[in-house]
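Trainee: I'd like a close look at a single part of this model. Please take me through it step by step.

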Amino acid sequence: MKKFLSVMIMVFAVLSFAACNGNQKDPIPTADPTNFNPDASSDAVNYYDLRDQLGAVPLLEGSYTFGGVAKAFENEYWRTLKTGMETGAAKFYEGGINVTIDMRSALGEGDQTGQLAIVQDMITRNYDAILVSPITDGNLVPGVEDALEAGIPVVNVNDGIVAIAPNFVGPNAYENGVLAANYIGEQLNGEGQVAIVTGMSGAFAARQRTLGFKETIEANFPNITVVEEQTANWSREEARNLANTWFTTYDGSTPEKTLDAIFCNNDTMALGVVEANEANDNVDPIIVGVDGISEAYDAIRDGKLDATVDSFPLFKGQIAVEMAIRILAGQAVPRVVHTPQALITTANVDQAATDIIQWTDPQIQTK
Amino acid sequence: MSKVNQMMKNVLKKFTWNNIKQAMASREGLLIISIFIIVGVFTIIDSVYIMPRNIVNILEQSVVNGFLAVGITFAIVLAGIDLSIGSIYALSIVFVSKFLVGGMNPFLAIGLGILVGAIFGGFNGVLISKLKLQPFIATLGTMSIYRGIAYIVTNGNPVLGIPTEYRQILNSNTFGSIVPVSIFLLIAFVIFTQIVLKKTRPGTYIYSVGGNEESAFLSGIKIDRIKILGYAISGIGGAIAGMILLAQLGTGEPIAGSGAELNAIAATAIGGTSLAGGKGSPIAAFLGAILLSALKVGLIVAMVPTFWQYVATGAIIIVAASVEIIQKRLKSSTT
């Protein structure tokens, strides 16, 4: 049995070596068509600019059914995106374009194959366009391949990123981090120690938001140091536990032991940190989240959360539907359409979203 | 008219209650009948369900879960469990992706992928037999360790650029591009494991160890070896499932398969494998996986609202498990 064990350990060592080695020898080239980063795309246009460029939405003849596939309706964010897409379809319907949308989601953010089955079902039903927010970068790839093969346009809304999808509509995730970093930097007068609570390792939004935050701090605020960076897997509970640990380590006794700000990759985690912060008297960090869920707005009103970066899923959903219509009408929609986002603080928390992002409904061509 | 009536009567005679009862008395027969009922019901609700595209979809989904379910059957027959099977699945995905991106021959990469499953699965067996750890605890631990290794190897990022050559080997369709090739691989795996369990000495020992470890030990069976073998096969099931998913997706994600162990356990339980050990078969697990996929896809096709799908899935698992009891009654009434 010892022999068996040692053989196993040896084989394992060789395998790990082979795996790591392969990585060093053949790094994936960044120009690889399968490796796509919408934040860094050269074919990216801001939504309002695109609207100016393309003009009124073409009046499509005939009737259209769109399919929308969200990650999980358990999360308010995706329910809001659903409302956004349905609102968009309803507005265009009123405007004379006969379009309806069937919005569905997977059974939780772990149901990768279930989400794929939904896309497959929509292809079988011959929907006219499919709008997807994949759970991971890969789980809907076979479905998107099949849809494109069947001639159905696919719009990738938000993350995960489907490299082969012809169009992406969503906020610039890197910019999320930039907005948060600039706010924190100004609030701290360019000095202090900050921590980052990141989302699930490897998730596109988590990577880009963190990167945008760190690079902005480094470039604009050289006297601010990022002292901690840990994942809480998008979970409120994990974020709360993590913050509790930090508040024990950073007890404010010396300048090295203070924590002046905590940036969280989403609001759910920020609210977990807020909860931990309620029981902490030692340090008083600025807490910033991303997403703009309603609970975060309430927490800002109550003065418990300092800011969130809202990417307005209600309007993003409408924009996604608009882009699908433009694509079906044969207009050239760029590879990436960046949707509006804004920093929400006590200063504008009660302002209407339409004012904050200066939203007006798109014009529809008349006959 | 009377002739038609006569014919009908003759046909009906063949479907006597006793015949049906006999078919239902075997677990496999019952599963097949249940699958037909599910397919029938969903086809009536929406004929889209029976379309070839949709059947491919059901089969593709059941292939991945089928490999996991057949694998975990070995752990469960041994009166254990393999919670790490979803992580082994992810490990095979990331290792094989790395091999392929590094330019390795696809067949060699597949071979090494199977080895990855055997090693990490076998390691579970070592922990359980040599350290006498509870299978639930041991594999709960390795579930996290293996997932961690998958993240470490890839630094948390998906591995991109899987060669199409590899994807074609494990993910193409035959027979008018309706039947995925991978279903035949699963059937081969089911037959192979069924023979191992039912016809070979180690297989018999697996049942004995799972049924009564004490008496198996007293009759001179080398329990440790049998356990390591059983968990290694479980790992191999996980590894092959991972390699097939990799071929389907074309992206090697370390996050893949989190929660997959629960689907595998569900399929196995629907197949009638008792979690108490000593009973169960790969064929039943395979049919359980098909039934589960048929149901899940059916709920999507029938446009059951998302939140109700949770309720429906859970209810079916409970109904399927309670069939065991009904079946026992039927058995006693036919004899």
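Mentor: Where the two chains meet, 45 residues of chain B and 39 residues of chain A take part in the contact (C-beta atoms, placed from the backbone, within 7 Å). This is a predicted model, in which local features need pLDDT of at least 70 and side-chain atom pairs pLDDT 80 or more, while totals for chains, interfaces and linings use all residues. Residues are numbered from 1 along each chain as its sequence is written, and chains are lettered from A and ligands numbered from 1 in the order written.

On chain B's side, helices H4 (52–77), H5 (85–101), H6 (106–130), H7 (135–154), H12 (223–249), H14 (282–301) and H15 (306–334) each supply at least two residues; H6(B) gives the largest share, 7 residues. Helices (H or I, at least four residues) and strands (E, at least two) are DSSP runs, numbered from the N terminus.

Now to strand S10 of chain A, residues 286–291: 5 of its 6 residues are buried, so the rest of the structure largely encloses the strand (buried: 20 or more other C-beta atoms, placed from the backbone, within 10 Å of the residue's own). S10(A) pairs in the parallel sense with S9(A), residues 261–264, over 3 bridges (pairing needs at least two DSSP bridges), and Ile287(A) is the bridge partner of Ile262(A). S10(A) also pairs with S11(A), residues 307–310, again in the parallel sense, over 4 bridges; here Gly289(A) has Thr308(A) as its bridge partner.

Helices complete the picture. H10(A), residues 294–301, makes another right-handed β-α-β unit with S10(A) and S11(A).

How values were computed
A residue is buried if 20 or more other C-beta atoms lie within 10 Å of its own, exposed if 12 or fewer, and partly exposed in between; C-beta atoms are placed from the backbone. A crossover is right-handed if, with the strands pointing away from the viewer, the path from the first strand over the helix to the second runs clockwise.
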